[in-house]
Amino acid sequence: RRRIFSGIKPSGHLTLGNYLGAVRRWVQEDQYNADALFCVVDLHALTVEHDPARVRRLTRQAATLLLAAGLDPERCTLFVQSHVDEHARLSYLMECTATDGEMRRMIQYKEKAARERSSGTSVRLSLLTYPALMAADILAYGTHEVPVGDDQTQHVELARDLAQRFNQRYGPVFTVPRATNPRVSARVMDLQDPTSKMGKSHAETAGIVYLLDEPEAVRKKIMRAVTDSGTEVRYDRTAQPGVANLLDVLASCTDGKPEVLAGEFTSYGALKKATAEAVLELLRPVRARHAELCADPSYVEGVLRTGAERARGLARPRVDEAYAAIGLLPPA
Ligand code: ATP
Ligand code: MG
């Protein structure tokens with residue numbers, strides 16, 4: 001059976017971008033059509049300045065929200081990355097397979113390193129080596145497909161290269177994975193800065209819709225979204241990025257086409273109102289289920305315990321095989 005792996009980092013509260021770009025497809029398609037593993041990748045949250053208590057809290061919250069969004073532990077495997085040692089074990093072998101130049105070319109590294117530096121913080125080495133750990137996350141499970149928003153495509157391509165290189169040098173241990181992007185909303189943009197993507201770890205929150213925002217806050221953020229000069233509603237990502245983003249979000253929420261929707265609105269205000277209502281409609285059941293699950297933390301813990309056990313069982317033999325193949329003496 002086709003195997004799918006995808007992850008989400010507890011680096012902030014989950015956003016509409018995470019939901020439309022990744023989580024919704026995990027819930028609606030992947031868990032039904034494949035042997036799917038979903039992971040709260042907490043080790044990745046340590047690559048920039050972090051607060052330990054916050055990471056712990058956000059890890060639990062992310063897992064709870066994924067269940068609230070509709071992941072069904074009977075159909076898929078949900079777990080926390082640091083609960084399965086194989087990720088860190090394999091990451092080291094990936095660092096020994098990748099080159100320094102490959103890592104430095106990653107767009108996310110360049111962007112995030114620049115952000116850290118400009119805020120006066122030193123850049124952690126793990127921010128550079130992050131894609132090695134991400135390759136390990138994927139390759140440990142013999143993953144065929146990695147459903148991600150298009151900001152992660154470059155990292156998945158690196159994981160492909162590393163799998164091929166390892167296999168060529170040391171023997172056929174890894175399945176070569178590929179990234180798959182959602183049909184629409186592969187990249188939801190920040191409502192205040194529609195040329196940069198909505199990201200949960202960004203400091204400026206006015207343009208970010210969080211899944212757990214109060215409905216009034218969601219409405220306000222969308223009504224205040226930056227649009228473009230002009231009044232005509234057209235779908236043009238380059239000339240009118242703000243309007244195009246709203247059309248993309250609306251299309252994604254209502255299963256419509258942005259080009260077609262553009263013709264249905266004669267003012268930006270009407271487009272914003274429709275978008276806000278569509279987003280609220282989409283989030284309402286998720287918020288409600290989240291509140292229920294928060295009242296039952298032992299359920300969530302149980303899911304994560306079972307998930308980690310299954311994940312360990314899947315990853316262990318392949319990582320052992322990689323250790324042996326690369327030249328490490330297996331323990332007697
Ligand atoms: P951070 O700012 O810490 O990088 P993030 O919001 O980018 O957080 P990630 O945990 O890096 O979230 O990514 C989780 C998943 O959500 C990935 O599949 C990623 O491609 C997707 N994703 C993140 N942001 C967006 C977005 N704005 N639009 C569409 N998909 C997104
Ligand atoms: Mg990201």
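Analyst: Two strands are said to pair if DSSP finds at least two bridges between them. The model examined here is predicted.

Strand S1 spans residues 3–8 and is mostly covered, five of its six residues being buried. S1 runs parallel to S2, and six bridges join the two. Within this pairing, Ile8 has Val40 of S2 opposite it. Between S1 and S2 the chain passes through helix H1, residues 16–33, in a right-handed β-α-β crossover.

Strand S2, residues 35–40, also pairs with S3 in the parallel sense, here over four bridges. One position shows this in detail: Cys39 has Phe79 in S3 as its bridge partner. Strand S3 itself, residues 77–80, is covered on both faces. Thr77 and Phe79 are buried on one side, while Leu78 and Val80 are buried on the other.

Gln152 is buried because 21 other C-beta atoms lie within 10 Å, the cut-off being 20 or more. The C-alpha atom of Gln152 is separated by 9.9 Å from that of Pro131, although the two residues are 21 apart along the chain.

Two packed helices are described by the angle between their axes and the distance between the axes. Helix H9 (residues 241–254) packs with helix H11 (residues 268–294) at an angle of about 40 degrees, the axes being 9 Å apart. Their crossing is left-handed. On the H9 side the contact includes Val243, Leu246 and Val249, and on the H11 side it includes Tyr268, Leu271 and Lys272. Sorted by class, this contact has eleven nonpolar, two polar and one charged residues.

The loop between H9 and helix H10 (258–262) holds Asp255. Asp255 is exposed because 8 other C-beta atoms lie within 10 Å, and 12 or fewer is the limit for that class. Most residues other than glycine have a negative phi. The phi of Asp255, by contrast, is positive, near 60 degrees.

Conventions. Residues numbered from 1 in each chain as written. Chains lettered and ligands numbered in written order. Predicted model: local features only at pLDDT ≥ 70, side-chain atom pairs only at ≥ 80, totals over all residues. Axes fitted to C-alpha atoms, helices over the stretch in contact; angles between N-to-C directions. Left-handed = near helix turned anticlockwise from the far one by under 90°. Contact = placed C-beta atoms within 7 Å. Nonpolar A, V, L, I, M, F, W, Y, C, P; charged D, E, K, R; others polar. Right-handed = clockwise from strand over helix to strand, strands pointing away.
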